[in-house]
Amino acid sequence: EVQAEKELAEQEMADIMKQREIPFKAASHELMDGGQAVLQQVADVLGKYPAVHGIRIEGHTTSKNNAPLAEKRANSCKEALQQLGVRCQIQVKGVTESTKEVKIFVYEPDGNDSDGPATPLLTA
């Protein structure tokens with residue numbers, strides 16, 4: 001049943017991201033209005049599935065010299081989700097030389113995320 005809840009949460013978040021992205025202002029970690037709306041949907045999903053104990057947010061940038069921006073974008077999403085009432089553990093990571101996006105994964109807070117998906121749950 002716990003695994004089923006995690007899978008349902010993964011599917012619902014994937015469905016959200018097929019329709020929406022998390023936009024940031026150019027060269028900034030400031031969320032644009034549409035980003036807050038997407039994160040509200042993510043918070044709603046996480047609220048429905050208490051079996052999800054943790055998520056990992058990866059902020060991405062296309063510049064290899066901009067790791068601080070990538071991590072700040074992930075932290076902006078984390079802070080927004082916490083303000084929206086998300087109580088699960090949230091890890092953040094900055095990734096460079098990728099795309100301009102944010103990815104969110106389900107993970108187990110004990111450090112074992114082998115049950116997590118091979119692809120991101122949420123891409124923005």
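Author: What follows is a run of questions and answers about this model, which is predicted.

Reader: Start with the overview. What makes up the fold?

Author: Three helices and four strands. Going along the sequence, they come in the pattern α-α-β-α-β-β-β. Of the 124 residues, 41% are buried. The accessible surface is about 6600 Å², and carbon and sulfur atoms hold 45% of that.

Reader: How do you know which parts of the chain touch which, far along the sequence or close by?

Author: Take the contacts with a separation of 6 or more: 67% of them are between residues 24 or more positions apart.

Reader: Which residues of H1 are buried?

Author: Lys6, Ala9, Glu10, Met13, Ile16 and Met17.

Reader: And what makes you say that those buried residues line one face of H1?

Author: Look down the axis of H1: the buried residues fall within an arc of 125°, so they line one face. On the other side, Lys18 and Gln19 are exposed. As background, an α-helix has 3.6 residues a turn, so residues three or four places apart point the same way.

Reader: Now the charged pairs. How many salt bridges are there in the whole structure?

Author: The search finds three.

Reader: Why is the pair of lysine 48 and glutamate 12 called a salt bridge?

Author: Their side chains come to 2.9 Å, N to O, and the cut-off is 4 Å, so the pair counts. Lysine 48 is in helix H2 (residues 33-48) and glutamate 12 in H1, so this bridge ties together parts that are 36 residues apart in sequence.

Reader: Why is glutamate 12 called partly exposed?

Author: Its relative accessible area is 22%. Buried would need under 20% and exposed over 50%, so glutamate 12 lands in between.

Reader: What about glutamate 30 and lysine 25?

Author: Those side chains form a salt bridge too, at 3.3 Å, N to O. Glutamate 30 has a relative accessible area of 40% and is therefore partly exposed. Lysine 25, at 41%, also counts as partly exposed.

Reader: And which residue does arginine 56 pair with?

Author: Glutamate 58, with the closest N and O atoms 3.7 Å apart. That is within 4 Å, so this one is a salt bridge as well. Both arginine 56 and glutamate 58 are buried.

Reader: I always check the cysteines. Why is cysteine 77 called buried?

Author: Its relative accessibility is 0%, and buried means under 20%, so cysteine 77 qualifies. Cysteine 88 is at 14%, so that one is buried too.

Note on methods: Residues numbered from 1 in each chain as written. Predicted model: local features only at pLDDT ≥ 70, side-chain atom pairs only at ≥ 80, totals over all residues. Heavy atoms only, no water. Buried < 20%, exposed > 50% of the residue type's maximum accessible area, 1.4 Å probe, protein only. Helix = DSSP H or I, 4+ residues; strand = E, 2+ residues; numbered from the N terminus. Arc of directions from axis to C-beta. Contact = heavy atoms within 4.5 Å. Areas by Shrake-Rupley, 256 points an atom, 1.4 Å probe, with all protein chains shown as cover.
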